[in-house]
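Please keep the sequence and the coordinates at hand while reading.

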Amino acid sequence: GFRQLSGGSLNVNYLLWETPDDLSDVGGAMRATLQTLYDKDGLGPVPEPTPSRSRMDPDHLEILLDLKPELASFHFGLPAPDALNALKNAGTMILCSATTVAEAVALERDGADVVIAQGIEAGGHRGTFTNVDVSMQPGLFSLLPQIVHAVSIPVVAAGGIVNGQTIAAAMMLGASAVQLGTAFLRCEEANVAEAHRQALSEANDSATMVTDVISGKPARFLRNTLIDTLADDDPLPFPSQLRLTAPLAEAGDPQYMALYAGQSAKLTVTKPAGELVRHLAAETDASFRRFA
């Protein structure tokens with residue numbers, strides 16, 4: 001369908017994870033706390049957690065080899081070597097996130113064509129696959145030039161990039177390209193609740209935090225009542241925890257939503273996506289001219 005409707009390139013994005021096969025005795029205190037929130041909204045009993053995994057299985061690989069996407073990007077590490085090599089042999093460029101220099105070096109060694117340097121500023125899930133402590137993951141201004149120095153493959157910068165000035169800064173620090181997430185959440189095309197957009201428009205530089213209580217893996221969100229309520233309990237493994245917290249958003253209260261956001265949320269604007277891209281390009285050009 002995509003190939004028939006678009007002449008553009010196809011980018012497939014994969015999060016890779018596994019959970020234990022038995023979750024029956026996991027997260028009792030967390031589930032009890034969540035039950036109080038479910039009761040508040042009349043959501044019934046908290047569901048039993050179920051194990052799950054996301055990996056490049058033969059069925060997925062067969063579809064991708066048929067589609068031949070121009071890009072395949074991965075979060076939480078790379079797929080198994082045989083699947084990775086099959087994709088590369090089909091002409092697909094492989095990208096993967098790194099939160100430290102060591103992760104970037106490992107990605108290059110294991111066959112990635114491009115590394116995404118994810119600074120601690122970034123919204124959403126931390127892309128670490130070596131379980132490095134979040135407090136030891138550097139900001140982009142420090143991480144990016146060190147990764148550029150350590151690898152020979154192109155580096156994409158991610159984290160806190162939201163306007164022309166931050167794009168230009170990333171390019172000056174050695175990035176071959178940039179990746180923006182939070183910047184697009186206020187676009188009408190973004191599949192987020194209106195309350196999420198409103199919360200982004202009201203954010204400030206200290207409004208976000210990294211926590212694993214929403215999904216089971218560390219991710220950056222706007223801090224709200226949901227995070228504060230769950231803070232004292234150990235979460236279930238990702239994504240089982242996310243499946244238990246997601247229903248709380250149905251009531252539409254932003255205090256109980258997963259409000260993914262990076263540290264530069266304050267600098268976001270409300271524009272259609274195409275207009276925003278053109279605006280970012282013009283701002284970036286202006287920034288380079290200013291310092292030429």
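Contact here means heavy atoms within 4.5 Å. By that criterion, and not counting residues up to four places away in sequence, Val-269 touches Ala-183, Arg-186 and Leu-276. The model is a predicted one. Val-269 sits in the loop between α10 and α11. Its relative accessibility is 31%, so Val-269 counts as partly exposed. Thr-245 is 24 residues away from Val-269 along the chain, and the C-alpha atoms of the two are separated by 28 Å.

Ser-264 also belongs to the loop between α10 and α11. Is Ser-264 buried or exposed? The cut-off for buried is under 20% relative accessible area; Ser-264 has 18% and is therefore buried. With residues up to four places away in sequence set aside, Ser-264 touches Gly-160 and Val-162.

The largest nonpolar core holds 38 residues, and the members that touch the most others are Met-56, Phe-74, Val-115, Leu-144 and Ile-147. Helix α6, residues 140–150, gives the most to this core, with 4 residues. Apart from this core lies another, of 16 residues, which includes Leu-37, Val-46, Ala-219 and Leu-236.

Beyond its neighbours within four places in sequence, Leu-144 is in contact with Ala-117, Val-155, Ala-157, Ala-170, Leu-173 and Ala-175.

Which strands pair with β8? Strand β6, residues 114–118, runs parallel to β8 and is joined to it by 4 bridges. Within this pairing, Ala-117 has Ala-157 of β8 as its bridge partner. Strand β9, residues 177–179, also pairs with β8 in the parallel sense, over 3 bridges. There the bridge partner of Ala-158 is Gln-179 of β9.

A search of the whole structure finds 4 aromatic pairs. One of them is formed by Phe-76 and Phe-238: the ring centres are 5.7 Å apart and the planes stand at 80 degrees, so the pair is edge-to-face. The pair links distant parts of the chain, as the two residues are 162 residues apart. Phe-76 lies in the loop between β4 (71–75) and α4 (81–89), and Phe-238 in the loop between α9 (225–230) and α10 (240–245). Phe-76 has a relative accessible area of 9% and is therefore buried. Phe-238, at 7% relative accessibility, counts as buried.

What is the geometry of the rings of Phe-221 and Tyr-260? Their centres are 4.7 Å apart and their planes lie at 40 degrees, so this pair is tilted. This pair, too, links distant parts of the chain, 39 residues apart: Phe-221 is in strand β11 (residues 219–222), and Tyr-260 is in the loop between α10 and α11. Phe-221 is buried, with a relative accessible area of 0%, whereas Tyr-260 counts as partly exposed at 25% relative accessibility.

Phe-76 and Phe-238 also form one aromatic cluster with Trp-17. Phe-76 has a charged neighbour as well: Lys-217 lies over the face of its ring, at 4.6 Å from the ring centre. Elsewhere, the charged end of Lys-40 sits over the ring of Tyr-256, 4.0 Å from its centre.

The backbone oxygen of Lys-217 is 3.1 Å from a polar atom of the Ser-215 side chain. Ser-215 is found in the loop between β10 (208–211) and β11. At 0% relative accessibility, Ser-215 counts as buried. Which residue's side chain makes a polar contact with the side chain of Ser-215? His-125 does, at 2.7 Å. His-125 is also among the residues in contact with Ser-215 once neighbours within four places in sequence are left aside; the others are Pro-237, Phe-238, Pro-239, Gln-241 and Leu-242.

How values were computed
Residues are numbered from 1 along each chain as its sequence is written. This is a predicted model: local features need pLDDT of at least 70, side-chain atom pairs count only at pLDDT 80 or more; totals for chains, interfaces and linings use all residues. Side-chain values use heavy atoms; hydrogens and water are left out. A nonpolar core is a set of buried Ala, Val, Leu, Ile, Met, Phe, Trp, Tyr and Cys residues joined through side-chain atoms within 4.5 Å. Buried means under 20% relative accessible area, exposed over 50%, partly exposed in between (1.4 Å probe, protein chains only). Rings of Phe, Tyr and Trp (its six-membered ring) pair if their centres lie within 6.5 Å; planes under 30 degrees apart count as stacked, over 60 as edge-to-face and the rest as tilted. A charge sits over a ring if NZ of Lys or CZ of Arg is within 6 Å of the ring centre and within 35 degrees of the ring normal. A polar contact is a pair of N or O atoms within 3.5 Å; within protein, one must be able to donate a hydrogen and the other to accept it, and residues adjacent in sequence count only if both atoms are side-chain atoms. Two strands pair if DSSP finds at least two bridges between them.
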